[in-house]
Amino acid sequence: MFGKLKEKLKNWFTKSKEEIEKKAEKVEEPIKEKEISKKKAKKKAGKKSGKVIEEQPKLKEEEQGTAIKIEQEIEEGVSEEDEKEIEEKGIKELESKIEAVKQEIKKISEEKVLEVPLKFEVAKQKYEPDLEKLQEEVTKKIEASKNLGSLGAEFEVKEEKTEGKGFFGRLKSRFSYKISEDDFENIFENLELLLLENNVALEVVENIKKKLSQKLIGNEIKKENLESEIKKELKSTLDEILIDPDDPLDAIKSKKNSEHKPFVILFFGINGSGKTTSIAKLAYLLQKNNLSVVLAAGDTFRAASIEQIQIHADKLKIPLIKHDYVADPSAVGFDAIKYAEKHKVDVVLIDTAGRMHTKTNLLTEMDKICRVTKPDLKIFVAESIAGNDAVEQAKTFHEMIDIDGSILSKADIDEKGGTIISVSYATHKPIFYLGTGQNYPDLKLFNKQEFIESLGL
């Protein structure tokens with residue numbers, strides 16, 4: 001059961017996790033790129049000067065071209081002796097200019113414009129290089145140390161800032177992620193479609209969305225826990241919607257021990273929903289629990305309905321109270337209760353005519369049946385595979401007679417499972433039983449935890 005919904009949910013969890021992790025990786029990239037460029041700059045500066053100096057920033061394209069040209073001209077036009085002399089001269093000049101820059105930085109930092117630790121980047125306008133002048137000087141005279149020194153002096157060090165985060169804030173951002181409203185909308189869009197395709201009513205989907213958004217948006221979640229956290233919150237939301245039923249057998253036994261009146265159960269539903277078969281299955285379950293039963297053929301409208309329930313009564317060896325067709329179903333139910341009282345029968349199960357939820361006159365007749373028989377339980381029966389039709393039926397019957405719970409037949413061939421969620425939400429009443437096959441024993445007390453686990457949550 002519910003295998004299709006389970007598989008789709010599994011795929012959605014995986015996809016949602018991947019989408020959020022991609023977004024999280026984009027947040028990390030600027031930090032990683034800065035660290036890599038910092039290491040490369042230090043390494044390059046160390047080779048030129050023989051010592052480790054502060055890193056230089058990433059130049060603009062035209063600045064990069066100038067620097068590359070300078071290096072090429074140095075390699076081609078300077079002899080070894082000149083290169084040595086230039087290097088010694090350049091180192092001294094470079095150290096002098098770096099010291100001057102540091103002094104200037106110190107002055108600026110005292111004014112709270114810059115702080116340390118620092119990195120190289122293009123300084124304010126008065127420190128920006130005059131590229132045209134620099135190119136002219138290079139053309140006239142190749143003085144590597146001087147030019148490289150000038151380039152070095154054009155940069156100052158500035159504190160690396162990461163969106164106002166300290167070290168621990170940046171470290172935390174690498175291992176966790178905060179789900180934004182946009183992130184939630186993106187991942188829920190797929191879940192919304194998945195739920196709708198699997199017979200979950202739109203109003204239920206909206207309710208799930210509201211509850212999930214309150215639990216997920218703005219929460220800091222570890223990356224490795226993304227899927228499990230989303231699963232946990234979806235499971236919690238379904239747990240709030242579904243209701244674990246009290247076992248009707250307990251209520252029946254309790255009344256048997258305290259009163260000498262039969263326990264009356266009235267069944268409603270549309271034609272073809274499996275109502276009569278569900279009644280027979282419940283009768284079989286009651287017999288297995290040492291409870292006596294009488295059936296009432298209250299469907300006096302549909303052709304062959306009395307014969308159908310008679311077959312079940314004969315197989316189960318249960319008495320059946322019946323009238324002619326077109327007789328008042330309220331009278332049939334009344335007579336069945338009187339029979340139970342006289343013969344000390346524990347339970348009366350009353351069948352009724354299948355009613356379309358759009359037929360007002362038939363729905364009104366249900367009210368009369370309820371007033372006459374005064375049932376202990378009013379159970380709505382629908383097909384688990386009926387989807388939104390079952391939800392509309394459940395709403396209408398509940399508004400008319402205030403049902404106590406439902407039985408969903410054909411759950412064994414239901415691959416979607418959404419009808420269970422939707423009927424529970426629409427009526428705010430429990431699902432009592434699931435029909436899981438064609439035989440009498442195939443009636444199972446609904447357990448919401450088992451249902452949620454069957455969805456892979």
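I took buried to mean under 20% relative accessible area, exposed over 50%, and partly exposed in between, with a 1.4 Å probe and protein chains only. The model is predicted, so I kept local features at pLDDT of at least 70 and side-chain atom pairs at pLDDT 80 or more, while totals for chains, interfaces and linings use all residues. Residues are numbered from 1 along each chain as its sequence is written, and side-chain values use heavy atoms, with hydrogens and water left out.

**Entry: backbone**

I looked up residues with positive phi. Asn199 has a phi of about 65° although it is not a glycine. I found Asn199 in the loop between α7 and α8 (202–216); helices (H or I, at least four residues) and strands (E, at least two) are DSSP runs, numbered from the N terminus. Asn199 counts as buried, because its relative accessibility is 16%.

Asp402 is also not a glycine and has a positive phi, of about 55°. I placed Asp402 in the loop between α15 and β10 (405–409). Its relative accessible area is 41%, so I noted Asp402 as partly exposed.

**Entry: aromatic pairs**

I searched the whole structure and got four aromatic pairs. One of them is Phe184 with Phe188, which is stacked, at 5.6 Å centre to centre and 20° between the planes. For a pair, the ring centres of Phe, Tyr or Trp (its six-membered ring) must lie within 6.5 Å; planes under 30 degrees apart count as stacked, over 60 as edge-to-face and the rest as tilted.

How far apart are Phe184 and Phe188 in helix α7? They are four residues apart in that helix (residues 181–197), and therefore separated by about one helical turn. I logged Phe184 as buried, with a relative accessible area of 2%. Phe188 is buried, with a relative accessible area of 2%.

I then checked Phe380 and Phe397. Their ring centres are 5.4 Å apart and the planes stand at 40°, so I recorded the pair as tilted. Phe380 belongs to strand β9 (residues 377–383) and Phe397 to helix α15 (residues 388–401), so the pair ties together parts that are 17 residues apart in sequence. Phe380 and Phe397 are both buried.

**Entry: salt bridges**

I counted 16 salt bridges in the structure, each being a side-chain nitrogen of Lys or Arg within 4 Å of a carboxyl oxygen of Asp or Glu.

Lys209 and Glu185 form one, at 3.3 Å from N to O. The pair links distant parts of the chain, with Lys209 in helix α8 and Glu185 in helix α7, 24 residues apart. Glu185 is partly exposed at 35% relative accessibility.

Which residue forms a salt bridge with Lys255? I found Asp376, with the closest N and O atoms 2.9 Å apart. This pair links distant parts of the chain: Lys255 sits in helix α10 (residues 248–258) and Asp376 in the loop between α14 (360–373) and β9, 121 residues apart. Lys255 is buried, with a relative accessible area of 14%, whereas Asp376 is partly exposed at 30%.

Lys256 meets Asp346 in a salt bridge of 3.6 Å, N to O. Lys256 is in helix α10 and Asp346 in the loop between α13 (329–343) and β8 (347–352), so parts 90 residues apart in sequence are tied together. Lys256 is partly exposed at 39% relative accessibility, and Asp346 is buried at 14%.
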